[in-house]
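Please look at the sequence and the coordinates together while reading.

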Amino acid sequence: MLGFYWPNMAIPSTIRENLQQVRQKIADAARRASRKPEEIILIGVSKTHPAEAIREANDVGLRHFGENRVQEWEGKLGALADLRATWHLIGHLQSNKAARAAKAFHSIDSVDDWSLAQRLDRAQAEKGSSAKLRILIEVHMGGEESKSGVSETDLPELAERLLTLPHLDFSGLMCIPPFRENPDEVRPFFGTLRKLKEQLESRLGKALPTLSMGMSHDFEAAILEGSTEVRIGTAIFGTRPKNP
């Protein structure tokens, strides 16, 4: 049974056990795909979970974490600044929060707009760091109006324009496909994203090492289709806490 967290209760000891189970499933899926498990990065989706749960996961070896909202993450960051971890923004980002996101995250995994990319580039330049900000393009797949992302048709133009921004490191693609009870029914979406990445690599003459696809319900199917980063929340942290 997955662990639950409620305010003022101890962090569930099952986080360690959940991580072990998820890692084993990643390894099994990688072997089925004739891949090495270490090729796949596990991102713990920690949105709505407290800083204490993130620290607990970090203590047992999780090094990548994904958050959906800038403001929520800013409220946790002070308590976790000592951790050696990589912080990913995986939720939709509004342009007016680009500067705050560039300061708070190591990677913006949901870029879907040229003006947003420009703002991120300016924000990274203003930080005065020589390091580039890693970004992924989120691709809209499945036609769901509730989902964000650039269309498959507009993807090549946006990708080409991103290469002109000197302070961003365009590393690959991300998607959130429609939910299906049977994960095998989601595999065609993952396969399409992989083909889009390969087409972009040929078009741009640039390697794009990252395919961020697959969540708690379907990450094994995503790995079989070439995912290099899986974003898993419930299977690690348990169900999201309700507001008190």
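W87 counts as buried at 5% relative accessibility, where buried means under 20% relative accessible area, exposed over 50% and partly exposed in between (1.4 Å probe, protein chains only). The model is a predicted one, in which local features need pLDDT of at least 70 and side-chain atom pairs count only at pLDDT 80 or more, while totals for chains, interfaces and linings use all residues. Residues are numbered from 1 along each chain as its sequence is written, and side-chain values use heavy atoms, with hydrogens and water left out.

Three aromatic pairs turn up in a search of the whole structure. Rings of Phe, Tyr and Trp (its six-membered ring) pair if their centres lie within 6.5 Å; planes under 30 degrees apart count as stacked, over 60 as edge-to-face and the rest as tilted. The W73 and W87 rings have centres 4.5 Å apart and planes at 45°, so this pair is tilted. The pair links distant parts of the chain, 14 residues apart: W73 belongs to helix α3 (residues 70-80) and W87 to strand β3 (residues 86-89). Helices (H or I, at least four residues) and strands (E, at least two) are DSSP runs, numbered from the N terminus.

W73 is buried too, with a relative accessible area of 0%. W73 also pairs with F105: the ring centres are 6.2 Å apart and the planes at 35°, so that pair is tilted. Because W73 lies in helix α3 and F105 in the loop between α4 (98-104) and β4 (107-111), the pair ties together parts that are 32 residues apart in sequence. F105 is buried, at a relative accessible area of 3%. Ring pairs join F65, W73, W87 and F105 into a cluster.

## Strand β1 and its partners

Four of the five residues of strand β1 (residues 41-45) are buried, so the strand is largely enclosed by the rest of the structure. Two strands pair if DSSP finds at least two bridges between them. β1 pairs with strand β8 (residues 229-232) in the parallel sense over four bridges, and R231 in β8 is the bridge partner of I43.

β1 also pairs in the parallel sense with strand β2 (residues 64-67), over three bridges. Here F65 in β2 is the bridge partner of G44. From β1 the chain crosses through helix α2 (residues 51-59) to β2, and this β-α-β crossover is right-handed (with the strands pointing away from the viewer, the path from the first strand over the helix to the second runs clockwise).

## Helix α1 and V22

The 19 residues of helix α1 (residues 14-32) should span 27 Å at 1.5 Å a residue, which agrees with the 27 Å between its end C-alpha atoms; the expected span is 1.5 Å times one less than the number of residues. Buried residues of α1 include I15, L19, V22 and I26. The cover over the buried residues of α1 includes β1, α2, α8 (219-224), β8 and α9 (234-237). After α1 comes S34, with a positive phi near 55°.

Which residues does V22 touch, not counting those up to four places away in sequence? They are L42, F219, I232, A235 and I236, where contact means heavy atoms within 4.5 Å. V22 counts as buried at 4% relative accessibility.
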